[in-house]
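User: I would like to learn how to read pockets, cores and aromatic pairs in a model. Could we take them in turn?

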Amino acid sequence: MATSIKIDNGFAVKLSSHQLFQKKIYYSNNMDETNQAKFSYSIVPTTAKDKHTVAAFLRKFFFRDEPLNVAIQLLEETDSAAKLENYCISYLQYGMTFMAVSQTGDIMGVILNNIMHRDDVEEDDEDGETCNDNLKFKDIVVLLEKIKREADVFTQYKNVNRILEIKIVTVNEAYRGQGVCKALVDKTKEYALEMGCQMIYVECTSHYSAKAVERLGFQCIYSLAYNDYVNEHGEMVFKTQSPHRGAKVYVLPL
């Protein structure tokens, strides 16, 4: 980022102009048992200007650990890794993505969001159609399309027409379990309400992400066991490591 964040007397200052989001900066302290601040951070919006920083963060803390990526060794295939990165970074241009930034200017966590409408033609379908059949990234795209199609959230919730979808949420491992994920989801919830969304939707391919959103009050509406997802030869496509046994879809009505 061009401008780091400094904390003076409990307030975030010296933010670059593109990080200001209608002058609403979510400031948070995490306190330990002695009531001393362990760290302070701000939740700020990201833009296309942050793409290199965010991409580096995702490579370090998301791509290498995501169960589906690991199962098919996606990062070992250069073209697939590039496709995955471009797919994720594309969401920065819509102004719906946020990051948690420490007082020293380090990214602590990132949440990538999108808005779905009842009458939308899914962009993910286009990704599946244009992706090279031989790429490992294609396998993940096809699975995610199946999950979204079978979860069929707009059929399940006939009075819902506009949904905020969390595409990815990931936190620097040094700060996991300390409320950063919750702060990112809370900011996303605030944004969803401002945008007139009636629900938040998230597809979890990791056991840990599923548990995290459950703790935040999300309800599971769909699940698919990985051992039930096989290719034309009856072979498992994603032989994930324990405890990652399946994908789940969660929603949070607003």
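Analyst: Let us begin with a term: strands are DSSP runs of at least two E residues, numbered from the N terminus. Please keep in mind that this is a predicted model.

User: Which strand gives the most to the lining of the largest pocket?

Analyst: That is strand β7 (residues 162-171), which contributes 7 residues to the lining. The largest pocket holds about 1,100 Å³ of space, and of its 44 lining residues, Phe62, Val169, Thr170, Ser206 and Ser209 are the closest to its centre. By type, the lining divides into 24 nonpolar, 9 polar and 11 charged residues.

User: How should I read a nonpolar core, and which residues touch the most other members of the largest one here?

Analyst: In soluble globular proteins, nonpolar side chains tend to be buried together. Here the largest nonpolar core has 45 residues, and Leu58, Cys88, Leu143, Val153, Ile163 and Tyr201 touch the most other members. Helix α1 (residues 51-63) gives the most to this core, with 7 residues. Another core, of 27 residues, lies apart from it and includes Met96, Leu164, Ile166 and Cys204.

User: What describes an aromatic pair, and how many does a search of the whole structure find?

Analyst: A pair of aromatic rings is described by the distance of the centres and the angle of the planes. The search finds 7 aromatic pairs; one of them, Phe98 with Tyr191, is edge-to-face, at 5.8 Å centre to centre with 70 degrees between the planes. This pair links distant parts of the chain, since Phe98 lies in strand β5 (residues 98-102) and Tyr191 in helix α7 (residues 180-194), 93 residues apart. Both Phe98 and Tyr191 are buried.

Notes
Residues are numbered from 1 along each chain as its sequence is written. This is a predicted model: local features need pLDDT of at least 70, side-chain atom pairs count only at pLDDT 80 or more; totals for chains, interfaces and linings use all residues. Side-chain values use heavy atoms; hydrogens and water are left out. On a 1 Å grid over the protein atoms alone, a cavity is a set of points where a 1.4 Å probe fits but cannot get out, and a pocket is an open set with protein on both sides within 12 Å along at least five of seven lines; lining residues have an atom within 4 Å of a point. Grid points are joined across faces, edges and corners, and a volume is the space filled by probe spheres set on the points. Helices (H or I, at least four residues) and strands (E, at least two) are DSSP runs, numbered from the N terminus. Ala, Val, Leu, Ile, Met, Phe, Trp, Tyr, Cys and Pro count as nonpolar, Asp, Glu, Lys and Arg as charged, and the others, Gly among them, as polar. A nonpolar core is a set of buried Ala, Val, Leu, Ile, Met, Phe, Trp, Tyr and Cys residues joined through side-chain atoms within 4.5 Å. Buried means under 20% relative accessible area, exposed over 50%, partly exposed in between (1.4 Å probe, protein chains only). Rings of Phe, Tyr and Trp (its six-membered ring) pair if their centres lie within 6.5 Å; planes under 30 degrees apart count as stacked, over 60 as edge-to-face and the rest as tilted.
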